[in-house]
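Subject: Structure for you to look at

Hello,

Here is the structure I promised to pass on. Please open it, then read my notes below.

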Amino acid sequence: MESWNSTLGGAFILVGILDDSGSPERLCAVITALYMLAMISNGLLLLVITMDAQLHVPMYLLLGQLSLIDFFLTSIIIPKAVMDFLLKDNTISLEGCALQMFLALTLGGAEDLLLAFMAYDRYVAICHPLNYMIFMRPSICWLGVAISWILGLLSALGYTIHTMQYPFCKSHKIRDLYCEIPPLLKLACADTSKYELMVYVMGVAFLIPPLAAILASYILILFTVLNKPSNEGRKKALVTCFSHLTVVGLYYGALTVMYVLPSSYLSPKQENLLSVFYTVVTPALNPLIYSLRNKEVTGALRRVLGKWFLPTQSTF
């Protein structure tokens, strides 16, 4: 087949779940509502963590970084998908596709490593509480955040450059919500088998060690919690850990199916559903999972909103 590239003014056509759905208008409304929920919940959590001095501790610094990642991840994908559906124009330029892929991979890689660092934070807080401010002092905390972002950025840069160097054929419909590696490789006019194997191996290498670190941290936490004499302390520790494990399960479950299982395992429609789950459902749920049963966050939210909306009493 004749190939085309950016010098020929080529563009991709995103054929996502909204185009393949039986009731696209209803699905569009649901996705839009989830996007707004993700924006509001993550935005509020970022505001509260920034404004309230009582939350200026490592746990909430990391939670703020997670909200920041989710805020941008859903923003680089969902608005375009919804606007494309409403305007009936699903095209995306090669440059735009490369940028979207790079940003999504950067944010996804950073979140992958950040969740592991958050598990380490909970391990230190519960298993070594007296040394918490030593092991999680600001310099170590910011170093962990920086490593997460830098490694995510470098891996995304490598993937994007390598993927976009392939020549793509005229049948350039990407059957996905956004530009991802697997559907793009299906459009390549060259042999991509070695690169697909490399993507698989690198995906496993990038996902499994952080997941193993998370599981090891929570096994150690579980043993420590079960030996706590205080029922109240045990309950508080379990609630905090359950919130984090729920987020980990949602995130790693979707990514494992998308990047670790063979591409033939899923149909294009199933891949689209996973993309929606990964890019809008989990970003909408994460801040709710962390904050609904967290008294410190809800208390801080009341204090911050109270300063803004409650009338100040003048004294005479």
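Start with lysine 88, which sits in the loop between helix H4 (78-87) and strand E3 (91-93). Helices (H or I, at least four residues) and strands (E, at least two) are DSSP runs, numbered from the N terminus. The phi of lysine 88 is near 55°, a positive value in a residue other than glycine. Most residues other than glycine have a negative phi. Is lysine 88 buried or exposed? Lysine 88 is exposed, because its relative accessible area is 64%. Exposed means over 50% relative accessible area, buried means under 20%, and partly exposed is in between (1.4 Å probe, protein chains only).

Some ground rules. This is a predicted model: local features need pLDDT of at least 70, side-chain atom pairs count only at pLDDT 80 or more, and totals for chains, interfaces and linings use all residues. Residues are numbered from 1 along each chain as its sequence is written, and side-chain values use heavy atoms, with hydrogens and water left out.

How confident is the predictor? pLDDT is its confidence in each residue, from 0 to 100. The protein chain averages a pLDDT of 83, and 87% of the residues score at least 70. Confidence is lowest in strand E1 (residues 3-4), at a mean of 54. It is highest in H7, at 94.

Now the whole chain. It holds twelve helices and five strands. Of its 316 residues, 47% are buried. Take the contacts (heavy atoms within 4.5 Å) with a separation of 6 or more: 78% of them join residues 24 or more positions apart.

Next, the helix pairs. Axes are lines fitted to C-alpha atoms, for helices over the stretch in contact, and angles run from 0 to 180 degrees between N-to-C directions. Angles under 35 degrees count as roughly parallel, over 145 as roughly antiparallel, 65 to 115 as roughly perpendicular and the rest as oblique.

Helix H3 (residues 58-75) and helix H5 (residues 94-127) have axes that come within 10 Å and cross at roughly 160°. Therefore H3 is roughly antiparallel to H5. Their crossing is left-handed, meaning that the near helix is turned anticlockwise from the far one by less than a right angle (right-handed if clockwise). The contact includes Leu62, Leu66 and Ile69 of H3 and Leu107, Leu114 and Met118 of H5. By class, it has 15 nonpolar, one polar and four charged residues. Here Ala, Val, Leu, Ile, Met, Phe, Trp, Tyr, Cys and Pro count as nonpolar, Asp, Glu, Lys and Arg as charged, and the others, Gly among them, as polar.

H5 also meets helix H9 (residues 193-226), with axes that come within 9 Å and cross at roughly 20°. So H5 and H9 are roughly parallel. This crossing is left-handed. Among the residues in contact are Leu113, Ala116 and Tyr120 of H5 and Leu207, Ile214 and Ile221 of H9. The classes are 16 nonpolar, three polar and two charged.

H7 and H9 pack at about 170°, with their axes 12 Å apart. That makes H7 roughly antiparallel to H9. Their contact has six nonpolar, four polar and no charged residues.

Last, find threonine 160 in helix H7 (residues 138-164). Threonine 160 is buried, because its relative accessible area is 8%. Not counting residues up to four places away in sequence, threonine 160 touches Ala98, Met101, Phe102 and Leu105.

Best wishes

Definitions and conventions
pLDDT = per-residue confidence, 0-100.
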